[in-house]
Amino acid sequence: MPPAPVASRPRRSRGARLRRAGLRLLGGLLVLLLGSFAVGWAVTPGVADAEQRVAARLDAFGGTPSTGEVPQRIAAALLATEDSRFGSHPGIDWRGALRAPLGVVLGRDLGGSTVQHQLARVLYEDGATDAGARARSVVLAVKLDRAWRDEQLLRMYLDAVYFGHGFYGVQAAAEGYFGLAPDELDWAQATVLVGLVQAPSAYDPFVHPERAAARQAHVLDRLVAVGTLSRAEADGIAAEPWHLTGG
């Protein structure tokens with residue numbers, strides 16, 4: 001009696017093999033990223049001195065520390081434009097980080113850097129953008145998020161950032177551009193001020209009012225996108241005067 005035929009094992013499809021290889025590659029990359037992050041955590045400094053670093057920066061550049069609560073309009077415009085998921089990510093917004101390269105290709109500002117990430121670059125990397133500084137600032141951003149409350153992070157950011165025309169910190173910028181305290185700015189002024197964060201010299205309203213207006217329009221668009229303002233409200237604000245102090 002002839003032996004029964006041995007059932008052949010079904011061959012995996014090429015697609016299944018590619019999926020398995022892709023999963024193995026993804027797993028390997030994840031392990032590598034986690035290992036690199038752990039090393040980065042060990043070699044980067046602590047961030048308990050962040051407020052002292054902000055104070056030293058202001059002192060070095062003649063800025064003035066802000067007082068009171070973070071102004072509502074400035075905070076809303078800043079977060080809508082720079083970090084719309086602030087408070088819900090751990091210091092790094094991975095969706096934004098993946099979106100940023102697409103913005104370079106399209107020639108559009110699609111964001112990608114969080115408040116914590118930008119603050120880390122200013123305070124601990126002196127604005128450096130080389131590969132090492134970028135990697136360290138990612139770790140430092142997570143450390144900042146763990147160590148400080150949202151209100152403290154926003155205040156430090158607004159005090160540390162350069163707003164152009166020699167104005168360091170939101171207090172000096174509001175007074176220098178508009179002759180007002182930050183919490184006295186109306187929507188038109190607040191959106192112009194926040195627009196300076198990305199490129200202070202390029203959007204200086206004293207020197208380049210047309211560019212400043214275009215950047216303000218982007219900030220207003222973001223405020224509409226996140227639901228803070230209606231389209232009609234944003235259009236009305238765009239038509240309002242800025243009442244600059246001079247230049």
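Helices are taken here as DSSP runs of at least four residues, numbered from the N terminus. The model is predicted, and the values below are computed from it.

Within helix H11, Arg 231 and Asp 235 are four residues apart, about one turn of the helix. Their side chains form a salt bridge, with a distance of 3.3 Å from N to O. Asp 235 has a relative accessible area of 44% and is therefore partly exposed. Arg 231, at 39% relative accessibility, is also classed as partly exposed.

Arg 231 has a further partner in Asp 221: the closest N and O atoms of this salt bridge lie 2.9 Å apart. Through shared partners, the salt bridges join Asp 221, Arg 231 and Asp 235 into one network.

A salt bridge is also found between the side chains of Arg 136 and Glu 125, at 2.8 Å from N to O. Arg 136 is part of helix H6 (residues 131-147), whereas Glu 125 sits in the loop between helix H5 (115-124) and H6; the pair therefore ties together parts that are 11 residues apart in sequence. Glu 125 has a relative accessible area of 12%, and because the cut-off for buried is under 20%, this residue counts as buried. Arg 136, with a relative accessible area of 35%, is partly exposed. In total, the count of salt bridges comes to six.

Helix packing was examined for H2 and H7. Helix H2 (residues 50-61) packs with helix H7 (residues 150-160) at an angle of about 20°, and the two axes are 9 Å apart. Angles under 35 degrees count as roughly parallel, so H2 is roughly parallel to H7. The crossing of the two helices is left-handed. On the H2 side, the contact is made by Ala 50, Glu 51, Val 54, Arg 57 and Leu 58. H7 contributes Gln 152, Met 156, Asp 159 and Ala 160. Sorted by class, the residues in the contact of H2 with H7 are five nonpolar, one polar and three charged.

Methods:
Residues numbered from 1 in each chain as written. Predicted model: local features only at pLDDT ≥ 70, side-chain atom pairs only at ≥ 80, totals over all residues. Heavy atoms only, no water. Axes fitted to C-alpha atoms, helices over the stretch in contact; angles between N-to-C directions. Parallel < 35°, antiparallel > 145°, perpendicular 65-115°, else oblique. Left-handed = near helix turned anticlockwise from the far one by under 90°. Contact = heavy atoms within 4.5 Å. Nonpolar A, V, L, I, M, F, W, Y, C, P; charged D, E, K, R; others polar. Salt bridge = Lys/Arg side-chain N within 4 Å of Asp/Glu carboxyl O. Buried < 20%, exposed > 50% of the residue type's maximum accessible area, 1.4 Å probe, protein only.
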